[in-house]
Amino acid sequence: MKQFLDENFLLASRTSQQLYHEFAKNMPIIDYHNHLIPEQMANDINFKNLTQVWLYGDHYKWRAMRTNGVNEEYITGGKSDFEKFEKWAETVPYTLRNPLYHWTHLELQRYFGISDVLSGANARKVFDECSEKLQTPEYSVRGLLRKANVESLCTTDDPIDSLEFHQQIAKDGFEIQVRPAFRPDKAMAAEDVAGLNAYINKLEQVADVSISDLDAYLSALKKRHDYFAENGCCVSDHGLEQIYAEDYTDEEISAIFKKIRSNQSLSAQEVLKFKSAMLVHFAIWDHEKGWVQQYHLGALRNNNARMLSQLGPDTGWDSIGDFSQGRQLSKFLNRLDTEDRLAKTIIYNLNPADNELMATMIGNFNDGSVAGKVQFGSGWWFLDQKDGMIKQMNALSNMGLISRFVGMLTDSRSFLSYPRHEYFRRILCNLFGEEIENGEMPNDIEWTGKIIKDICYYNAKNYFGL
């Protein structure tokens, strides 16, 4: 019987172990999509204790705690940090077969050297030991990134963000590249006219322009897009239920925008047309600058209205959605491709039923101009676990070229999440190693090792130009 979480964790064969330890393990990390807070990196803060670095904002853990019967006071409420951690520690033994069980113990091992299995019985010991280390200079947020062997990362930033903290980080000469990513979801949220108007008013102040018509709105957003580029941005991101690709005319969108600025309600069709038009404009700007555009598709958000009203969004009330993806995605990509304005593109899906759809869709628009120009992104959110990763990689392998895959990202708010890259790399190496041992691939360790290193690091480095 193998020991839990030993050096060959998830590596079922000698070949898998060789591929991981010789080729994947020590590759630097390029984390091209996450939700880390730039201000914390700029100020190089030390978290006061393990709860603050581990549980604040982590709705993966919150959902597990709620399912385990933990009262909200111990999750997002007013209980002390240790009381919250103790409830998490008591929950961990009940997370068997959930990826949280693996991630929790990988993070304890990799960052703190703790190999004990976490439970309520040792909660105080683990909390005190980790919290003490977190107060030392090498455990500042920059120190945590160094421990994880991060080479560069891209945060997720709204067009109206000042990027002052990215500028401070760059000025400090921090050796890890920290770049912004352009996330304009709020700028196209026409389903909430009042909210969109409030956003436009903020954009007026940031861009120092008056916005009364569509041309002025697009000009202000383009100004912010340019500003992001000046500050090192090379990637955009969109979190959408599905791609919007309704037919529209410029005159229609101008009229819709006038209704928005007049606080008039929009029809469902007008909302779809506005979103469709904005997506096209953003994509054209991305292409002009040579950016990579990312589309995260398929989340059904804010399902629990009662808890949304109490806690707000991004607090753990989201799920996989069952939206129709194929036809609109094809129409959107085809429009850009026809005009020769299709930037390098990564498409992530949240519903595993769409894996083969996505894996075949990317092949429609890989035109030979760039290796892997259109990518099927790694298992995302509810799918960034062993089964989800394997299914995504198998679909990509069967219907595309996994050898050109840009690999893993954290998509996390936590500085302790980087062992997810290790988790991915072990699963990747096991897939290749098992097929070599089964005679399904030649026993060419050097070539296979090169492919492994490419997927773990070099493909992303070349693709993003980092």
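Tutor: Let's begin with handedness: a crossing is left-handed if the near helix is turned anticlockwise from the far one by less than a right angle, and right-handed if clockwise. Helices (H or I, at least four residues) and strands (E, at least two) are DSSP runs, numbered from the N terminus. Here, α5 passes α7 in a right-handed crossing. One caution: this is a predicted model, where local features need pLDDT of at least 70 and side-chain atom pairs count only at pLDDT 80 or more, while totals for chains, interfaces and linings use all residues. Residues are numbered from 1 along each chain as its sequence is written, and side-chain values use heavy atoms, leaving out hydrogens and water.

Student: At what angle do the axes of α5 and α7 cross?

Tutor: Two packed helices are described by the angle between their axes and the distance between the axes. Axes are lines fitted to C-alpha atoms, for helices over the stretch in contact, and angles run from 0 to 180 degrees between N-to-C directions. The axes of α5 (residues 81-91) and α7 (residues 123-134) cross at roughly 125 degrees and come within 9 Å. Angles under 35 degrees count as roughly parallel, over 145 as roughly antiparallel, 65 to 115 as roughly perpendicular and the rest as oblique. So α5 and α7 are oblique to each other.

Student: Which residues of α5 and α7 make the contact?

Tutor: Contact means heavy atoms within 4.5 Å. From α5 come Asp81, Phe82, Phe85, Glu86 and Ala89, and from α7 come Ala123, Arg124, Val126 and Phe127. They divide into six nonpolar, no polar and three charged; Ala, Val, Leu, Ile, Met, Phe, Trp, Tyr, Cys and Pro count as nonpolar, Asp, Glu, Lys and Arg as charged, and the others, Gly among them, as polar.

Student: How about α12 and α13: is their crossing left-handed or right-handed?

Tutor: Left-handed. Helix α12 (residues 250-261) packs on α13 (residues 268-289) at about 115 degrees, with axes 10 Å apart. That makes α12 roughly perpendicular to α13.

Student: And how many cavities does a search of the whole structure find?

Tutor: Rolling a probe the size of a water molecule over the atoms shows where empty space is left. On a 1 Å grid over the protein atoms alone, a cavity is a set of points where a 1.4 Å probe fits but cannot get out, and a pocket is an open set with protein on both sides within 12 Å along at least five of seven lines; lining residues have an atom within 4 Å of a point. Grid points are joined across faces, edges and corners, and a volume is the space filled by probe spheres set on the points. The search finds three cavities of 30 Å³ or more. The largest holds about 60 Å³, and α6 gives the most to its lining, with four residues.

Student: What lines the second largest pocket?

Tutor: Its lining has 18 residues, with Lys25, Arg110, Lys147, Ala148 and Glu422 nearest the centre. α18 gives the largest share, five residues.
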